[in-house]
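Student: Please take a close look at the aromatic rings here. After that, carry on to whatever else can be described.

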Amino acid sequence: MAERYDPKAIEARWQQVWADERTWEVANETAPGVERSYVLEMLPYPSGEPHMGHLKCYSIGDAIAHFRRRRGMRVLHPMGYDAFGLPAENHAIKTGQHPRDSTAESIAEFKRQFLEWGISIDWTREFGTHEPRYYRWTQWIFLRLLERGLAYRQEAAVNWCPKDQTVLANEQVVDGRCERCGTPVEARQLEQWFLKITDYADRLLDDLATVEWPEHVVTMQRNWIGRSEGAQVVFRCDALGADYPIFTTRPDTLFGATFFVMAPEHPDVIRLVEGTEREAEVRDYVNRAVRESAEERGAEAREKTGVPLGRTVTNPVNGEEIPIFVADYVLMEYGTGAIMAVPAHDERDFEFARRFGLPVRRVIDCEGELPCTGDGAMVNGGRFDGRHNREAFAQIVEWLESEGRGRPAVNYKLRDWLVSRQRYWGCPIPVVHCDRCGLVPVPDEDLPVELPDVEDYAPRGRSPLAAAEDWVRVPCPRCGEEARRETDTMDTFVDSSWYFLRYCDALNDTAAWDRAVVDAWMPVDQYIGGVEHAILHLMYARFFVKALADIGLVGFQEPFARLFTQGMITREGSKMSKSRGNVISPRDYVDRYGADTARCYILYIGPPDQDADWSDEGVGGIHRFLARLWRIASDVAERAPGAAAGAAPSPLLRKAHWAIDKVTSDLGERFAFNTAIAAVIELVNDAYRYREELVAGGEATAADLRFAVATAGSLIFPFAPHLGAEVYELMTGRRVWEEPWPEADPALLVAEEVELVVQVNGKLRDRVRAPAGAAEEEQERLARESPRVAAQLDGSDVVKTVVVPGKLVNFVVR
RNA sequence: GCGGCGGUGGCGGAACUGGCAUACGCGAUGGACUCAAAAUCCAUUGCCCGCAAGGGCUUGUGGGUUCGAAUCCCACCCGCCGCACCA
């Protein structure tokens, strides 16, 4: 028997057992009546080695997986790697090392550490998204989307990152900068591949009601989709004989429109001034606006600018001619790129009107100064005067519709997903460009289109793949004439939008998955990851599942039934980063204290959904606790089990059942791992005190002590699986993961005697002991008997007595 | 500006349904063991007054509801995150 807690030896031993016996592998077939559960942590991007965020994520997921297994469920808990992406490619540009090789090294390191952490993974289902056996199916899905018109190629103004030399999706532009590298993005007019996520806007919005997700994530998605209801209204420009539709959420304010504004990118701006004396000034303004970065244009507190076009449009509700302006506060990407401006009831229009001395006309009698956006009776609104604006809202739209000048309309902030990237290390888009046939999909049987090796990874504004001439030149699959392959690769978010489906049927080499298999496992019962993916990954994956459901490939609408978002691990109060020099690695602590300590500490540190600051002193505390547990277990193992417990249940036995109850609810319902671990610490502390008593020859029994320590091992197992298994084996000779999760005996959860709090006027004056089931009168009598309480009550009138059975007595005195 | 989250001892945090504020851990102090140290074990530890018995105060601030508020309501302050000229 070892003299001290040796996590290295214990952890190596159990990891060997789990690997040899393939303990965590799970079959797709299941006996009837066995409940399934799919527990999944977000796919890691393998770069260098895992960091604290990974440790936290997998510690949470593993605890849940273990808990569910021991509650009798068949648990799918797989692992893989999101292995395509820019960091590996940038590394290749710097060093010349093939991204495949550096990625393989990172994956090996990740896997080595995951095994060292003792995470219970079914490794038979492992894959990397960069492996042809995986991306073959990414391409296959892309072709299915293409067939349905959900993937299309179009020229559009797109976000271009000059540093990464590639286009970006809207979601990857944050504050006008590239989400990856922080470089301000530029607008470029380019032909690119898009996925038609906007077709699903309403369903993506509505189905948020069907998932159990944190409210803030739901809110973020809702905002991102940005659905607004209103109307499309057509304004006519008689001079050119052109109609300009606008979108508004406030058709009730149409009578207050005093001017009209177009975005600088609006295709008709120049046409409206061509050959007029305003042309030079307008061209100048447009050129300046278009050149400005998204960041400059979106800057807050920026003065409104604009130029009149010297033209007018007709307001369809009152026939007024109102002037047209071009101004950069109107965005081409939203609505129709033109707006009606109602300065009385819109702050932005008001600001503009003020700068340009334009009339402001109140049309709603809302409270407060102008501009006001509230409700009220209509004024200056012709035959609608006097009606409430909300009522007039629909009536005006109806009237416009009958005149052919408008209709109800819905607008979204969500844009289609731009998926092509001019980079090397990604999944090739399986399409061929043929001069005769146009875009021709690569036939399914020719998949995968494998990524060729190239000499030079450096991006030059086009994909490095374009230089692989032998690869690019192919016969057209349709006509057989010479054609060229698409050289762009896919956004890596495409890879991660369906990986959770592949895990269900990872070894299938004749299909992406078998629908029956996927339908049996999906949706993911518990998904765990960082909140930074609240929009990107989670929205894309939801879109994929809905599209795949429409195609008939899956039989459900949402991928992730329950989502848990973990908080960040910080260091000295700030985010860990190389530039701050405050990065610490899980490896440092696993080497020094063992995986069980690192895992328990990261969960003990605070509520898992909140940010938490890593402290080296704190780790020591948890390590001490685990060592205490091991020490008392090895001590108890050497004692004879002793006779059965005495007649009355010992306090330690009650404590053990209390801990079972506490850990069960904290783990199963609340995700409160910190308090669950605290409960096990309390149990172990009590076991130490109880052992003192046993040694001193009191009423304590060795059997109760053994039971308590075994219970501590069993309860700590989801958090510290190696030590949990070790302690449980020492106490019982059995394997803890083969044992059902313990159940608390309700009879032992209620104490025989309770402590009553006695208050006088709400202030605590004493505590008295009372039998558990004592009547209210009995409790009041016992409370009055307390000398301290009696002293307080002496000489005053008790006006009222409040008795909370089993808890407290409060005397209200005058 | 809009939306969300949060503010409790020296520190991380607990208090789940309005009923003992400060569980558990860290740190600190004292003691045992030791030649000594480490490790370990035991005890104390919200603040103030007091020799003590005891008393008073305390959950960002100010009000309110209640026998009773960290918890509910109103007003406000501070911090973090997301969105932001989206018509």
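Tutor: A residue counts as buried if its relative accessible area is under 20%, as exposed if it is over 50%, and as partly exposed in between, using a 1.4 Å probe and protein chains only. The model is predicted, so to speak of local features a pLDDT of at least 70 is needed, and side-chain atom pairs count only at pLDDT 80 or more, while totals for chains, interfaces and linings use all residues. Residues are numbered from 1 along each chain as its sequence is written, chains are lettered from A and ligands numbered from 1 in the order in which they are written, and side-chain values use heavy atoms, with hydrogens and water left out.

Now the rings. A pair of aromatic rings is described by the distance of the centres and the angle of the planes. Rings of Phe, Tyr and Trp (its six-membered ring) pair if their centres lie within 6.5 Å; planes under 30 degrees apart are stacked, over 60 edge-to-face, and the rest tilted. Searching the whole structure gives 44 aromatic pairs. One of them joins Trp-417 and Tyr-540, which are stacked, with 3.6 Å from centre to centre and 5° between the planes. Trp-417 belongs to strand E19 (residues 417–418) and Tyr-540 to helix H17 (residues 536–551), so this pair ties together parts that are 123 residues apart in sequence. Here helices (H or I, at least four residues) and strands (E, at least two) are DSSP runs, numbered from the N terminus. Trp-417 is buried because its relative accessibility is 0%, and Tyr-540 is buried at 1%.

A second pair can be set beside that one. Phe-564 and Phe-671 are tilted, with 5.2 Å between centres and 45° between planes. Phe-564 sits in strand E27 (residues 563–566) and Phe-671 in the loop between helix H21 (651–670) and H22, so the pair links parts 107 residues apart in sequence. Both count as buried: Phe-564 has a relative accessibility of 11%, and Phe-671 has 7%. There is also an aromatic cluster, whose members include Phe-127, Tyr-134, Trp-498 and Phe-560.

Of the atoms of RNA strand B that come within 4 Å of the protein, 63% are sugar and phosphate. Helix H22 (residues 673–695) gives the largest share of the surface near RNA strand B, six residues. That surface has 18 nonpolar, 12 polar and 18 charged residues, where Ala, Val, Leu, Ile, Met, Phe, Trp, Tyr, Cys and Pro count as nonpolar, Asp, Glu, Lys and Arg as charged, and the others, Gly among them, as polar.

Some atoms can be named at this surface. The side chain of Asn-685 has a polar atom 3.1 Å from a phosphate oxygen of RNA strand B. Lys-763 has a side-chain N or O atom 3.4 Å from a phosphate oxygen of RNA strand B. With Thr-248, a polar side-chain atom is 3.1 Å from a sugar or linking oxygen of RNA strand B.

Next comes a group of strands. Two strands pair if DSSP finds at least two bridges between them. Strand E31 (residues 753–760) pairs with E34 in the parallel sense over four bridges, and Val-758 stands opposite Val-809 in E34. Strand E33 (residues 798–804) runs antiparallel to E34, joined by six bridges; there the bridge partner of Val-804 is Leu-808 in E34. E33 and E34 form a hairpin with three residues between the strands, and in it Gly-806 takes a positive phi near 75°. Strand E34 (residues 808–813) is mostly covered, with five of its six residues buried.

Last, the cysteines. A disulfide is a pair of cysteine sulfur atoms within 2.5 Å. The structure holds one, formed by Cys-366 and Cys-372, with sulfur atoms 1.9 Å apart. The torsion about their S-S bond is about 45°, so this disulfide is right-handed. Cys-366 is buried at 5% relative accessible area, and Cys-372 is buried at 6%. Cys-504 is in no disulfide; its nearest cysteine sulfur, that of Cys-57, is 18 Å away. Cys-504 is buried, with a relative accessible area of 0%.

Conventions
A residue is near a molecule or strand if one of its heavy atoms lies within 4 Å of it. A polar contact is a pair of N or O atoms within 3.5 Å; within protein, one must be able to donate a hydrogen and the other to accept it, and residues adjacent in sequence count only if both atoms are side-chain atoms.
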